[in-house]
Amino acid sequence: MKVCQTIYEEGRHRWLVVARDPERPDFVIDTNEYLVADGEDAILCDPGGLEIFPAVFSALSESIDPASIRALFASHQDPDIISSLALWLEFNPALKCYVSWLWGGFIPHFGGVGDTFIRIPDEGADVPLGGVTLRAVPAHYLHSSGNFHLYDPKAKILFSGDVGAALLPPDASGLYVEDFDRHIRHAEKFHQRWMGSNEAKNDWCDRAAALDIDMLCPQHGAIYRGADVARFLEWFRALRVGVLG
């Protein structure tokens, strides 16, 4: 069963995560879904696949009114990211979906019409939410050729999609990384195989290092916080990617 947890709250500004599900079918990759809210407005990041929509919707409904979700943010085009789109639009046909311009003709195969999509240019864009402005940060070729992360300067949180992801064993169920050296072993082969460009990786590391990040929140696995954010950036910069591992 998926459970919704608060990872940041200051006044009416909040981040929630619908974290990994130990009871999911073993043929479905586990995912995290993140919601950022400011006042009455919310954006849901990488809302997940068709198969898990009921679990995600139910978990979110325990903590928020789903009608407050004004938009979805799709880091890229994979089905575990956004194949639930048609069901979200059935709930609220007015929902918008932020996505790279590159996938503007592909993701509509999951649902939506032309004005559903807010297409992000390669250089990124501001994403307004309530009284704050989030930022779509370029992460191209990590692992998708059109890929974005979402940075919140107020909460100092970077939603990092597949960067930082770890395919954890069943006994590693914690929400946060607690032992970096042990945890990162479960991230290494994933990053070597799925991240396609060392040049793009190093560009992203420079970009991320320039941000003030308290938490780095990937779509798979546990959340990096505090000193483990810098540890991850150092580890990732040194890793050779685009190989079978």
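In this predicted model, Thr31 lies in the loop that runs between strand S2 (13-18) and strand S3 (33-38). The residue has a relative accessibility of 3% and therefore counts as buried, the threshold for that class being under 20%. The side chain of Thr31 makes a polar contact of 2.6 Å with the side chain of Glu33. Beyond its neighbours within four places in sequence, Thr31 is in contact with Lys2, Val18, Ala19, Arg20, Ile52, Asp80, Gln219 and His220.

S2 and S3 pair in the antiparallel sense, over six bridges, and Arg14 stands opposite Ala37 in S3. In general, the strands of a sheet pair through backbone hydrogen bonds, in either a parallel or an antiparallel manner. The sheet as a whole is open and consists of seven strands in the order S1-S2-S3-S4-S5-S6-S7, with mixed pairing. Strand S1 (4-10) and strand S7 (117-120) stand at its edges; each has a single partner strand, so one side of each is left without a neighbour in the sheet. From one strand to the next, the twist averages 20°. Helix H1 packs on this sheet, where it touches S1, S2, S3, strand S4 (41-45) and strand S5 (69-73), and its direction makes about 140° with that of S2.

Helix H1 also takes part in aromatic pairing. The model contains 14 aromatic pairs. In one of them, the ring centres of Phe53 and Trp88 are 5.1 Å apart and the ring planes stand at 85°; the pair is edge-to-face because this angle is over 60 degrees. Phe53 is in helix H1 (residues 53-61) and Trp88 is in helix H3 (residues 85-91), so that the pair links distant parts of the chain, 35 residues apart. Both residues fall in the buried class: Phe53 has a relative accessibility of 13%, and Trp88 has a relative accessible area of 1%.

Which arrangement do the rings of Phe57 and Phe91 adopt? Their centres are 5.1 Å apart and their planes at 75°, so this pair is edge-to-face. Because Phe57 lies in helix H1 and Phe91 in helix H3, the pair ties together parts that are 34 residues apart in sequence. Phe91 is partly exposed, with a relative accessible area of 37%.

Another aromatic residue, Tyr176, has the charged end of Arg225 over its ring, 3.8 Å from the ring centre.

Key:
Residues are numbered from 1 along each chain as its sequence is written. This is a predicted model: local features need pLDDT of at least 70, side-chain atom pairs count only at pLDDT 80 or more; totals for chains, interfaces and linings use all residues. Side-chain values use heavy atoms; hydrogens and water are left out. Rings of Phe, Tyr and Trp (its six-membered ring) pair if their centres lie within 6.5 Å; planes under 30 degrees apart count as stacked, over 60 as edge-to-face and the rest as tilted. Helices (H or I, at least four residues) and strands (E, at least two) are DSSP runs, numbered from the N terminus. Buried means under 20% relative accessible area, exposed over 50%, partly exposed in between (1.4 Å probe, protein chains only). A charge sits over a ring if NZ of Lys or CZ of Arg is within 6 Å of the ring centre and within 35 degrees of the ring normal. A polar contact is a pair of N or O atoms within 3.5 Å; within protein, one must be able to donate a hydrogen and the other to accept it, and residues adjacent in sequence count only if both atoms are side-chain atoms. Contact means heavy atoms within 4.5 Å. Two strands pair if DSSP finds at least two bridges between them. Axes are lines fitted to C-alpha atoms, for helices over the stretch in contact, and angles run from 0 to 180 degrees between N-to-C directions.
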